[in-house]
Amino acid sequence: MEDALRALTCLMVDPDLHGLLIKGPAGSGKSALIHAFSAAYTGKRARIVPQNITDEQLFGSIDLELVLSTGEVQFEPGILGKEKDIVLVDDINLLPKNLSLALMDSVHRGEIHIEREGLSKTYPCSARIVATANDREQPLSSGLNDLFDMCVILPRDPDCEKRCAVLESMLSESALEPEVDKELIERIEKAKGLVGKIVIPDQILEAIVETCDMYGVQGMRGSLSAAMVCRASAAIDGRTMITEDDLSFSLRTCITHRRTHLRKQTKEVEDKVMFFGDSHMKRFIHDDRKALQEKAEEGEEGAASTQAADFVEPVKKTKEDDSGPELEELVLDMEKLFDTIDLLDDSRKKKGPTDNHLLRRFIKDAGKEGRYVSSCPADGTTSDLAVDATVRYAAPYQNQRRKNTGRDGVIIMPSDLRKKVREKHTSCLFFFMVDNSGSLVLRARMRAVKAAIVSMLADHYVRSDSVAVMTFNEEFIGMLLPPTRSVGGVKKIIDDIPTGKKTPLSEALSFMHQYVGQYLRKNPSNVAFVILMTDAGANIAMTEGNDPLEEALDIATRVRLDRMEMVLVDTKVSTEVNEKAKKLSIALEAPYYKIEDLRSSDNILH
Amino acid sequence: MSGKEKSLQFPFVRIVGQEEMKRALLLNIIDPSIGGVLLRGEKGTAKSTTVRSLAQILPQVRCISGCQFHCNPDAPRDLCDDCKKKVESGEFEETMRSMRVVELPLNATEDRISGSLDVEHVLRTGERKYEGGVLAQANGNLLYVDEVNLLDDHIVDLLLDSAAMGRNFVEREGISFSHPARFVLIGSMNPEEGTLRPQLMDRFGMCVDIKTERDPDVRVEVIKRRLAFDADPEGFTAECKADVDALREKIIAAKSCLNEVKVSDKVLTAIAMISIEFGMEGHRADLAMIRAAKANAALEGRKEITFNDISSTASLILRHRMKSGPFEEAEFRQSQLDSLLRGYLGS
């Protein structure tokens, strides 16, 4: 909480800081905190960007009411242009990517540039963006993450008493008028005056740059943000000297969401220990590690790390003791911790090569979904009216009509009505569901699975498609690679698929059902292909006492979804027919293939 | 990243490192027919900052007064219909204007790109009038598309058509119109966010792969300069004005002597052989290589093309055109290029 509060304050102090991202599970008080802060600082709640916002509402548009009533064309700024203080974007990970990018780009440039629907305009914007994200299901792209200067992760409060206190305050807050916190305002105003006078020593800048490099932060924005946060943080406390705490805070908030995990750099890190030899940095490393460890223990990532830890080396939690382990060890331990935390979402951070054969699939006139690309005459029954186009079509006749009818304003006749033509592309999710249980433990067989995945992708991958890899065995059922478009990373991930343990087939099927179902609901224009790669040697049931295979077959009949197709690839290498897998494919109504069948030219998905 | 003073951009001459990107941009300003630049690279590598800062060093060009496409009387083939008549009759006034960086926002719609009916004008007067869009503004300028890989496909097609023909054809809402649209297309993208269609990739004359500076000292310098700029944009800009002016003069000089740079048969053969060796399809790459080498020689004030002119620019043209499979990328090797070149030119 303190970090989040401090980050919010920093945001108000330095006008060159534009964005704060608050991550955390539902119910961790993300929005409440932002509203409370906004109320204390500006006397009103933060302005919210709703999920279904259009480009027009956000960036501005022509005031249609005025056009229709008087014929005058006047510009109406959007939420982003009107708000001078805090704009709150809840669940930014669920907004369309292009909208979020345009939003962040506008605040960074300090101006909004519109070229839409007959409107061309550039006007200033000074809003600060505070966004929340619960990116466990739909991760934010790394490019978007980078556009936020700071990021704070809020853990859910497990303490019952605290929860009650939160509830109480929420109930009472709604009854009371938000009250301005004079002290806070004074502090921020004072800091604003101070921030320009602070000179950041070279030593601090070097530390920032080195640390960013150590965590594989790409680009310069991370270091730059950290430098500015350092300054703002000192200014808040009324100091012109930057302390270790400022440095530690700035690195914590500016690196969290930008680090890419770089395991191969372990050796390099050892070399860098030399650099961290001075006592100044010793403190910092210690602080950072502690904070991150706390986060890992309490926060949502904690869960991920324990899950991930099952197939990586166990995490060694070092004692938080100043006289404790050698500095070198500390650095390495920190590295290890990041490794395990990041393993699951690491894949999307790896860069993929560019693909070169593409097919595009379009649906024009896609009902009311999709993007508005042009207009056509309305047939009289449409509810999806293209108002701007209608006005444009009616425009040339206005003089005549005004003369004829003697009325003012814009006169629209039924023949002017235009409706929107929308376009969207369907894209497809290739969902690989890989059985990495003991029955597949033979290295050679796993290699065959990997080769099959790669060859299938080579055949069927087109640009707008995403790929996801899910694995299941006794210890871990879940996404090794959440849906991504960067197909290049897939190969690396596939190379790293670990194997071992028993086969909980039924649980895996229901996990897939839930995950793909959620994905399809979120992406209504997508279809999913599930490629189940298993030998169907189920030997763990969900309910104790059930026959594992029977249970899996039963579940298999109930996992069907609209817009989802399944294919079963039998990974058992034998000349005989694998009865279990055959049965499963019938229950799933999925075509059955043997892994040997999958040569690069086979066309099983179309 | 922008300072308090929104109209000021970080000065081009104070951007640290990224020499390849800067060179590619300069060459395209000197000779727009090279065909634009695609900047590919990690986020936060000063792609947008650099492109936006170009505005300061762009030279002035002639333009016919009152033309919304700012037609240049020096280019008789690329005039709009009105200006054509004016130039033929010899009755026109002209002014000088600075070239601009026109930006295409990610969420732009078709009507504002190709232009459409001027609603306000029509409502007021009842007269149909065409109002130019982004392509009209871009004529004779630089057109910058940030996150070009995320642009909607129908928008990309629109851009490609105009870029290929040098003219924008508008057929919508009862308007039938065409106007010149010659521009230097500059795109930037982060490959992690998705790839670019190969058709579009091939349209870019050059492609620069941008890497983050790794040297800590350089990185510290980057932060220092940025903070200094943010603290006092006017002062920072004023302080480097001499350098900016010098660079602009250099560009103007290079532009004016571009046609005097000779392309020997030896150079032509060398470039043709490089093209064959690297498996280039069509002649776009060959032409771009010659133009880039010429522009590079002109920028350095020479009238002969040297080994270095080709060696340092060819990679920008070849790299993104090399054929690669879905899972492996064909690799461009500078050493291969250099040894080939040495064979033909003698170094």
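**Entry 1: helices H12 and H13 of chain B**

I began with helix H12 (residues 265–277) and helix H13 (residues 284–299) of chain B, which pack at an angle of about 140° with their axes 10 Å apart. The model I am reading is a predicted one. I noted that H12(B) and H13(B) are therefore oblique to each other. I looked up the hand of the crossing between H12(B) and H13(B) and found it right-handed. On the H12(B) side I listed B:Ile271, B:Ala272 and B:Ser275; they meet B:Ala285, B:Asp286, B:Met289 and B:Ile290 of H13(B). Sorted by class, the residues in this contact of H12(B) with H13(B) are five nonpolar, one polar and one charged.

**Entry 2: the two domains of chain B**

I then looked up how chain B is divided. Domain 1 covers 18–59 + 99–210, and domain 2 covers 259–345. I read a separation of 25 Å between the C-alpha centres of domain 1 and domain 2 of chain B. Domain 1 of chain B gives 16 residues to the contact and domain 2 of chain B gives 15. Which elements give two or more residues to the domain 1 side? I found helix H1 (19–30), helix H8 (198–203) and strand S11 (206–210) of chain B. The residues on that side of domain 1 of chain B, where it touches domain 2, I noted as ten nonpolar, three polar and three charged.

**Entry 3: the sheet in chain B**

I traced an open sheet of five strands in chain B, in the order S4-S7-S10-S1-S11, with parallel pairing. Strand S4 (101–104) and S11 of chain B are the edge strands, and each pairs on one side only. From one strand to the next I noted an average twist of 20°. Within this sheet I followed strand S7 (residues 142–146) and strand S10 (residues 184–189) of chain B, which run parallel and are joined by five bridges. For B:Leu143 I found the bridge partner B:Leu185 in S10(B). I also checked what H1(B) does here: it packs on the sheet and touches strand S1 (37–41), S10 and S11 of chain B. The direction of H1(B) makes about 160° with that of S11(B).

**Entry 4: the sheet in chain A**

I turned to chain A and found an open sheet of five strands in the order S2-S5-S8-S1-S9, again with parallel pairing. Strand S2 (47–49) and strand S9 (150–153) of chain A stand at the edges with a single partner strand each, so one side of each has no neighbour in the sheet. I noted a twist that averages 25° from one strand to the next. How many bridges pair strand S1 (residues 19–23) of chain A with S9(A)? I counted four, in the parallel sense. One residue I followed was A:Leu20, whose bridge partner in S9(A) is A:Met150. Helix H2 (residues 30–42) of chain A packs on this sheet, and I found it touching S1, strand S5 (86–89) and strand S8 (128–133) of chain A. The direction of H2 of chain A makes about 170° with that of S5(A).

I looked next at helix H10 (residues 202–214) of chain A and helix H9 (residues 216–231) of chain B. Their axes come within 9 Å and cross at roughly 120°. The crossing of H10(A) and H9(B) is right-handed. From H10(A) I listed A:Asp202, A:Leu205, A:Glu206, A:Val209, A:Glu210 and A:Asp213. From H9(B) I listed B:Pro216, B:Arg219, B:Val220, B:Ile223 and B:Lys224. By class, I noted five nonpolar, no polar and six charged residues in the contact of H10(A) with H9(B).

**Entry 5: helices H21 and H22 of chain A**

I ended with helix H21 (residues 505–522) and helix H22 (residues 548–556) of chain A, which pack at about 20° with their axes 8 Å apart. Is H21(A) roughly parallel or oblique to H22(A)? The angle makes H21(A) roughly parallel to H22(A). I noted that H21(A) passes H22(A) in a left-handed crossing. In this contact, A:Leu505, A:Ser506, A:Leu509 and A:Ser510 of H21(A) meet A:Pro548, A:Glu551, A:Ala552, A:Ile555 and A:Ala556 of H22(A). I sorted the contact of H21(A) with H22(A) into six nonpolar, two polar and one charged residues.

Methods
Residues numbered from 1 in each chain as written. Chains lettered and ligands numbered in written order. Predicted model: local features only at pLDDT ≥ 70, side-chain atom pairs only at ≥ 80, totals over all residues. Axes fitted to C-alpha atoms, helices over the stretch in contact; angles between N-to-C directions. Parallel < 35°, antiparallel > 145°, perpendicular 65-115°, else oblique. Left-handed = near helix turned anticlockwise from the far one by under 90°. Contact = placed C-beta atoms within 7 Å. Nonpolar A, V, L, I, M, F, W, Y, C, P; charged D, E, K, R; others polar. Domains from an automatic or database assignment. Pairing = 2+ DSSP bridges.
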